[in-house]
Amino acid sequence: MNITAIKGFSDILPGEIETWQFVEEKAREVFGLYNFSEIRIPILEKTELFRRSIGETTDIVEKEMYTFADQDAEGTLLTLRPEGTAGVVRAYLERKLYQVEPVRKLFYLGPMFRRERPQKGRLRQFYQIGAEVLGRADPYVDAEILLLLSDFFAKVGLEGLLLELNTLGDRQCRPGYRQKLLAFLRERQDQLCPNCRRRLERNPLRALDCKEKGCISATSDAPSIVGYLCEPCQGHFGTVQRLLRETGLDYQLNSRMVRGLDYYCRTTFEWTSDRLGSQNAVAAGGRYDGLVEELGGPPTPGIGFALGMERMVLLLKMARTLEPPRPDLYIVWIGNQARSWAFPIARRLRGKGINVEMEGEEKSLKSQMRRADKMRAKLVLIVGEEELVRGKAILRNMDDKEQRETALDRVEEELLAGRGSF
Ligand code: HAM
């Protein structure tokens with residue numbers, strides 16, 4: 001039997017990768033404008049890191065992590081990273097990045113792993129582009145992060161996304177809200193799904209964004225966090241909203257948006273699209289002011305986001321397709337001597353930044369021309385034994401189908417001179 005890829009793990013093939021590269025390139029451009037530096041963190045971390053940061057009662061930690069025991073004497077538990085924030089914070093602490101410069105703006109790109117049920121826009125290995133700002137508590141950075149994302153969507157040409165905004169309060173005010181919500185939910189326990197009932201006492205907020213019908217109707221008139229915010233949280237959220245209004249960034253408040261990771265406090269957000277079906281969040285994130293301390297560091301505020309590459313690419317592909325690179329020149333050769341002439345020329349031209357393609361084995365003129373056409377080569381140079389003798393060859397422009405003779409010893413020069421036109 002043929003060996004296939006693992007369910008939920010996919011290949012990104014030529015034809016599709018161009019869109020990925022385009023997205024990555026635009027992301028780097030925007031991160032550069034906002035002064036973010038790239039960080040590369042390991043794909044494998046100690047399981048404890050994710051348990052402590054994402055939270056024991058989240059779906060991710062309860063059932064979605066790829067975890068295994070290492071072959072060391074202790075059998076240390078290791079996990080394929082389900083997200084990037086925990087690793088970035090671990091690196092920030094371990095490498096004492098705060099000592100060099102207390103405010104760090106970092107971004108990362110790479111694969112994450114969650115054992116979810118695969119469906120459109122949901123994989124078990126998926127890619128994120130993420131960013132984290134450590135060391136800033138002011139609401140201006142919350143707005144800056146959202147504006148960065150909005151600029152990025154504009155740069156890649158993605159329109160029609162909805163920004164949903166919420167606040168989850170902080171250590172001061174969330175416990176009071178939690179108690180109120182818990183009391184409310186306890187009275188409706190029998191309407192909740194088994195999952196929400198099971199984690200009711202430990203994580204009652206999760207019931208607010210459960211997709212089960214019973215939970216939706218049971219929580220429809222649940223108390224909202226908005227009424228329970230302490231003054232500093234109210235002020236912070238008020239300023240974030242004012243900044244968004246002043247900069248013309250539209251948003252919708254959604255007080256039921258509870259993120260699937262426990263480290264959040266204050267501002268949280270999701271950018272959604274109505275063209276993605278049920279997996280509609282393209283990017284999401286928020287503040288995590290207690291996380292650095294939770295992982296043993298000095299009190300340090302943090303905020304960030306991650307965007308799902310597969311979902312971005314799905315949306316972009318609905319808008320347009322990006323083609324693989326076209327050869328600038330395809331050399332059609334007939335006979336061994338012509339091949340011996342063409343091979344080093346191709347190498348020289350590539351060295352000058354020209355994309356050149358040629359066959360290695362003898363094929364008919366017709367079949368080589370067909371292949372040049374299929375590859376959408378811009379120019380074709382046709383060289384046979386006779387052309388070598390005459391020192392001349394035919395150069396054909398594949399776009400307008402015009403062709404003319406050119407001296408072989410001038411081909412390189414001509415191509416380089418005419419580079420701007422192809
Ligand atoms: P998240 O909401 O779990 O947040 O994931 C962020 C984005 O990753 C989602 O909005 C979605 O686009 C994509 N994503 C998540 N799971 C999958 C999946 N199974 N298949 C395809 N795409 C997926 C985080 O990961 C946080 N670390 C974000 C953050 C950074 N918060 C603060 N800083």
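Visitor: Hi! Is strand 9 mostly covered or mostly uncovered, and how many of its residues are buried?

Guide: Welcome! This is a predicted model, and in it strand 9, residues 265-272, is mostly covered. Eight of its eight residues are buried.

Visitor: Which strands pair with strand 9?

Guide: Strand 7, residues 162-167, pairs with strand 9 in the antiparallel sense over six bridges. Strand 10, residues 281-287, pairs with strand 9 as well, in the antiparallel sense and over six bridges.

Visitor: Which side chains have polar atoms by the ligand's oxygen or nitrogen atoms?

Guide: An N or O atom in the Arg259 side chain is 2.7 Å from an oxygen atom of the ligand. For Arg114, an N or O atom of the side chain is 2.9 Å from a ligand oxygen. Tyr263 has a polar side-chain atom 3.0 Å from a nitrogen atom of the ligand. The protein covers 96% of the 660 Å² of accessible area that the ligand has on its own.

Visitor: Okay, what about salt bridges? How many are there?

Guide: The count comes to 34 salt bridges. Side chains of opposite charge can pair when their charged atoms come close. One of these pairs is Arg52 with Glu48, whose closest N and O atoms are 4.0 Å apart.

Visitor: Where do Arg52 and Glu48 sit in helix 2?

Guide: They are four residues apart in helix 2 (residues 47-54), so about one helical turn separates them. Arg52 counts as partly exposed because its relative accessibility is 38%. Glu48 is partly exposed too, at 42%.

Visitor: Which residues are linked with Asp59 in a network of salt bridges?

Guide: The network links Asp59 with Glu62, Lys63, Arg198 and Arg199. Within it, Asp59 and Lys63 form a salt bridge, with their closest N and O atoms 3.6 Å apart. Both lie in helix 3 (residues 59-64), four residues apart, about one turn of the helix.

Technical notes: Residues are numbered from 1 along each chain as its sequence is written. This is a predicted model: local features need pLDDT of at least 70, side-chain atom pairs count only at pLDDT 80 or more; totals for chains, interfaces and linings use all residues. Side-chain values use heavy atoms; hydrogens and water are left out. Buried means under 20% relative accessible area, exposed over 50%, partly exposed in between (1.4 Å probe, protein chains only). Helices (H or I, at least four residues) and strands (E, at least two) are DSSP runs, numbered from the N terminus. Two strands pair if DSSP finds at least two bridges between them. A polar contact is a pair of N or O atoms within 3.5 Å; within protein, one must be able to donate a hydrogen and the other to accept it, and residues adjacent in sequence count only if both atoms are side-chain atoms. Accessible areas come from the Shrake-Rupley method with a 1.4 Å probe; for residues, only the protein chains shown count as cover. A salt bridge is a side-chain nitrogen of Lys or Arg within 4 Å of a carboxyl oxygen of Asp or Glu.
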